[in-house]
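Here is a friendly walk through one structure. Please keep the sequence and the 3D view open as you read.

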Protein chains: 2
Amino acid sequence: MSLIEMSHRSKEYEAINNSAQQLVRELLDVPPNYKILFMQGGGLGCFSAICMNLMGRTGEADYLVTGTWSSIAAKEAAKYGKVNMVFPRPETRSIPHPRTWKLSENASFVFYCDNETVDGVEFNYVPETRGVPLVADMSSNIMTKKVDVSKYGIIFAGAQKNIGPSGVVLVIVREDLLGNASKYCPTVFDFAHISKNNSVHHTPTTFSVYVMEKVLQWIKRCGGVDKMAQNSYDKSTTLYNAITNSNNFYVCPIEESCRSRINIPFRVGGANGDDALESKFLEEAEKLRMYQLKGHRSVGGIRASLYNATSVEDVKLLVQFMEEFRKQHGPK
Amino acid sequence: MSLIEMSHRSKEYEAINNSAQQLVRELLDVPPNYKILFMQGGGLGCFSAICMNLMGRTGEADYLVTGTWSSIAAKEAAKYGKVNMVFPRPETRSIPHPRTWKLSENASFVFYCDNETVDGVEFNYVPETRGVPLVADMSSNIMTKKVDVSKYGIIFAGAQKNIGPSGVVLVIVREDLLGNASKYCPTVFDFAHISKNNSVHHTPTTFSVYVMEKVLQWIKRCGGVDKMAQNSYDKSTTLYNAITNSNNFYVCPIEESCRSRINIPFRVGGANGDDALESKFLEEAEKLRMYQLKGHRSVGGIRASLYNATSVEDVKLLVQFMEEFRKQHGPK
């Protein structure tokens, strides 16, 4: 009998579910007063779930909008209460300095997106919230760096970038934040309910959890999050160096202090990009079996996503290709 | 590149997504004014989603509670508005006659569970609602019989019983019911939003949809829903006959007029069941590689779930085992 035929209440699935939880706890050094949940509905579902679980306390929350996903999160939050923008959304791809932030007195939580997948903007520090629970969307950089979980109220991440296939969302939540779900919070989004039932109250996406458990084992075998962090540093440094040393043939539009180690957008043929050259770049990359380098449709250009499954060697091949492409198509 | 590594916006996944939709439309003869959605959050998530999409119109809804799942659905609905119980929950496992039903003047919709998975109670007719949109949970009997979709406002089903693995919910919704989501409806549960974005606005459970598409192809190859209906009739008749002809060694507690063709609960050793005999029954069945015959923990006894993947031959083997078990352990 295969895993996908099995009952989610079988002892076989129970073992997988428990092992995956235990691996998350171990790999991220999750303190005992945090619960680990596996949910459905993606990161977008979690945007709503967080509000329905936490916002009731004061009816408002603070949002740090630094790109596409935090912007969508703030819009979703407005359904559930008052949303305070801690700073106006930056016009360039950057993170305003904390001394310019306006945190509210009355926020139930402070939300931010630790790594903006589309925009390529990443925090390299933990936002200071003066005791207000901090909620982090780490969908695109979970397990790519060490995290001090104790500084967070909630960390959540869709599995599909770094730790598994789509269909499961990892939620790490501090126990004292459980039990305040709003009246209209669907049971499937009630963190306390999911926690009490060990993430198997209703049928989970068993295959996704199964594969996630295998990926977490793989991360552990590789040397854990420390090794993934080292890889992420090596991969991103290699690529940013190639961009920096390209005489503006390749241009990364992100402010240096907040460049993502994971999603690296750049233009080909100058700061505004040359559409024809970028198409050519993608076409030739595909011939070398380098796929999905196209920037998100909302921002254009090229985007290299250096998730955990991408090796240092993969990035070296990309950089080598970029050098050759520049020699062929760049200014002589 | 495997499916689970692929972007849900790739042309490869788009083809799978469209093919699965087309197969549902073809197999269930879905009229053109109905949309086919693939969602997340399971049937339980759908209990909430339905209310947040439809209940706003009048603030109330009618529920036909005939077992475990419709009871949970009614409880979930009470979060979102006034729930009218069309009849008191029956004390025996049966469906009260429609002439005893009290439908409300002001219901936004009438909800029922076409087949109660835990209890083994199934409707063999479509409830008449005098024009009020009818909402059916068909999680455990979708594609096991012909359905006149035009009689429904919404049909939904978690895939994991008859049409695929867990992680995807099929929703068939009449177009005119779209666009009325409540203010606090999460975007991932807004049917209009999912429909407008062809079920790929946010990352779907790609693997589950992929396998579902394969299962739908298989149903088509076998001869479509007609063939599955014939199989369901043959399988359930074979098993019920064995129970009926067992001199009350096997007893099915469900009223005859509403016995499920899909989930068939029975007791071993008389109407109240003999715990020791039932344990023995399960143990010996497992030796013959017949698994998961244990009744749901809330009702006990034995339950044979004859989903589409179970063949007529499988049921013949079960019945053969039951005969032998009775000869060995029944009254001489």
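## The sheet and its surroundings

In this predicted model, A:Tyr112 stands opposite A:Ala136, which belongs to strand 7 of chain A. Strand 7 (residues 134-137) and strand 4 (residues 110-113) of chain A run parallel and are joined by four bridges. Strands here are DSSP runs of E with at least two residues, helices are runs of H or I with at least four, and both are numbered from the N terminus. Two strands count as paired if DSSP finds at least two bridges between them.

Both strands belong to an open sheet of seven strands in chain A, with the order 1-9-8-7-4-2-3 and mixed pairing. Strand 1 (34-39) and strand 3 (82-85) of chain A stand at the edges with a single partner strand each, so one side of each has no neighbour in the sheet. From one strand to the next, the twist averages 20 degrees.

Helix 2 (residues 42-54) of chain A lies across strand 2 (60-63), strand 4, strand 7, strand 8 (154-158) and strand 9 (169-174) of chain A. Its direction is at about 155 degrees to strand 8 of chain A. Axes are lines fitted to C-alpha atoms, for helices over the stretch in contact (heavy atoms within 4.5 Å), and angles run from 0 to 180 degrees between N-to-C directions.

## Cysteines

How many disulfides are there over all chains? The count is zero, where a disulfide is a pair of cysteine sulfur atoms within 2.5 Å.

## Two copies and one annotation

Chain B can be laid on chain A by a turn of 180 degrees and a shift of 0.0 Å along the axis, with an RMSD of 0.0 Å. The two copies are therefore related as by a two-fold rotation axis. The same surface serves both copies, as 100% of the contact residues of chain B recur in chain A. The superposition is by least squares on C-alpha atoms of residues with pLDDT of at least 70 in both copies.

The unreviewed UniProt entry annotates residues 5-318 of chain A as "domain: Aminotransferase class V"; such annotations may be inferred rather than shown by experiment, and positions follow the numbering used here, with feature names shortened. This span is 33% helix and 16% strand, and its end C-alpha atoms lie 40 Å apart.

## Conventions

Residues are numbered from 1 along each chain as its sequence is written, while chains are lettered from A and ligands numbered from 1 in the order in which they are written. In this predicted model, local features need pLDDT of at least 70 and side-chain atom pairs count only at pLDDT 80 or more, whereas totals for chains, interfaces and linings use all residues; side-chain values use heavy atoms, with hydrogens and water left out.
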